[in-house]
Amino acid sequence: MRSLKFSPDLPWVREADFWEPLGDGRVRCNLCHRRCIIVPGAYGACGVRYNHEGRLYTLVYGLLTAANPDPIEKKPLMHFNPGACAFSISTVGCNFYCRFCQNWVLSQSRRNGAFGKPYEPREVVEEALGNGCDGISYTYNEPTIFYEFMYDVARLAKEKDLFNTMVTNGYMTPEAIRKLGKLMDAATVDFKASGNKEFYRRYMGVLDPSPIYESLIEMKRQGWWIEVTSLIVPGVGDRIEDTAGLAKWIAENLGEETPFHLLRFHPDYLAQDIPPTPVKTLERHAEAAREAGLKHVYIGNVWGHPLENTYCPRCGSLVVERNGFYIIDWRLGEDFKCPKCGYRLNFAGRFRGNKGYMYW
């Protein structure tokens, strides 16, 4: 494990984007909605952005903890280039403190040390192409944390006709989203407990989740494809009213055919006393989301469930059958029209084939 103590000679130390000096050596980081004020010799809430003598640095530029191909459906992105291969990368650190994080070894590794393999942006693109991937996904830990590296990789990926996607908690500031602009093609935005404010405070160390909605509006303005997830946590984060309210907001602001994924909780990290989400609970939340106006509601982390599949909003026909992250049967044409009634479903890109078999 490498120390996170500052040294300008380390290849993964770079001056950060989105900060401003405040005087007396203090800086404000404007990358995420926390907008941390950081004194010299201290870290931001993410634990990987550091104030050295009045300048802000990232300590994880290209220090990757994962670099491997995934099915795009794992993100989950069900309606964006279905069947595609996404080369997935991560570092350490996060601006949230989720007690239940399934990737806590990565996300909660902060000032205590950093681990991973140093990469240059071109090496990520070369590995993506060498693995036959269609795009790159910034995922596993919060990609906001390694923004500078993500930006540089995304720019090179576009030159090689690769798409870019991110899996994010949605706390990136609008100005950071605008800089990514057309470099980013799609985002999965992960809510927990459907945005319940008390849950965010108690279990995630986030005082106010409302900036996530501002970020979603900016992502849509930039033309990103958006899918939304919500982790339903039994007993403490499973209010039907919250899911109905979130679904209604999505329908009104992002569109009624925006894919919405209800994810099953499983005990992990500091929340091992909470049991897995009952499937019946997820089904009730799915019904509430549909009643609120959403047309494509999925249940995740329950392999083999009927709500892993896609159904035509007009006639109800099964048009895409899945098992977990893998497409079992694709019945739509290249124009994404229902073979029974001709309705054009809300998909982006093109069907990339069943590449998922590569990752069994």
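At what angle do helix α2 and helix α3 pack, and how far apart are their axes?

Modeller: Happy to! This is a predicted model, where local features need pLDDT of at least 70, side-chain atom pairs count only at pLDDT 80 or more, and totals for chains, interfaces and linings use all residues. Numbering runs from 1 along each chain as its sequence is written, and side-chain values use heavy atoms, without hydrogens and water.

Helix α2 spans residues 121–130 and helix α3 residues 147–159; they pack at about 50 degrees, with axes 9 Å apart (axes are fitted to C-alpha atoms over the stretch in contact, angles running from 0 to 180 degrees between N-to-C directions; helices are DSSP H or I runs of at least four residues, numbered from the N terminus).

On the α2 side, Pro 121, Arg 122, Val 124 and Val 125 make the contact, while α3 brings Phe 149, Asp 152, Val 153, Leu 156 and Ala 157 (heavy atoms within 4.5 Å). These contact residues divide into seven nonpolar, no polar and two charged (Asp, Glu, Lys and Arg are charged; Ala, Val, Leu, Ile, Met, Phe, Trp, Tyr, Cys and Pro nonpolar; the others polar).

For reference, helix α6 (residues 211–221) packs on helix α7 (residues 240–253) at about 25 degrees, with axes 12 Å apart, so α6 and α7 are roughly parallel. Their crossing is right-handed, and Tyr 213, Leu 216, Ile 217 and Lys 220 of α6 meet Leu 246, Trp 249 and Asn 253 of α7. The α6–α7 contact has five nonpolar residues, one polar and one charged.

Conventions: Helix = DSSP H or I, 4+ residues; strand = E, 2+ residues; numbered from the N terminus. Parallel < 35°, antiparallel > 145°, perpendicular 65-115°, else oblique. Left-handed = near helix turned anticlockwise from the far one by under 90°.
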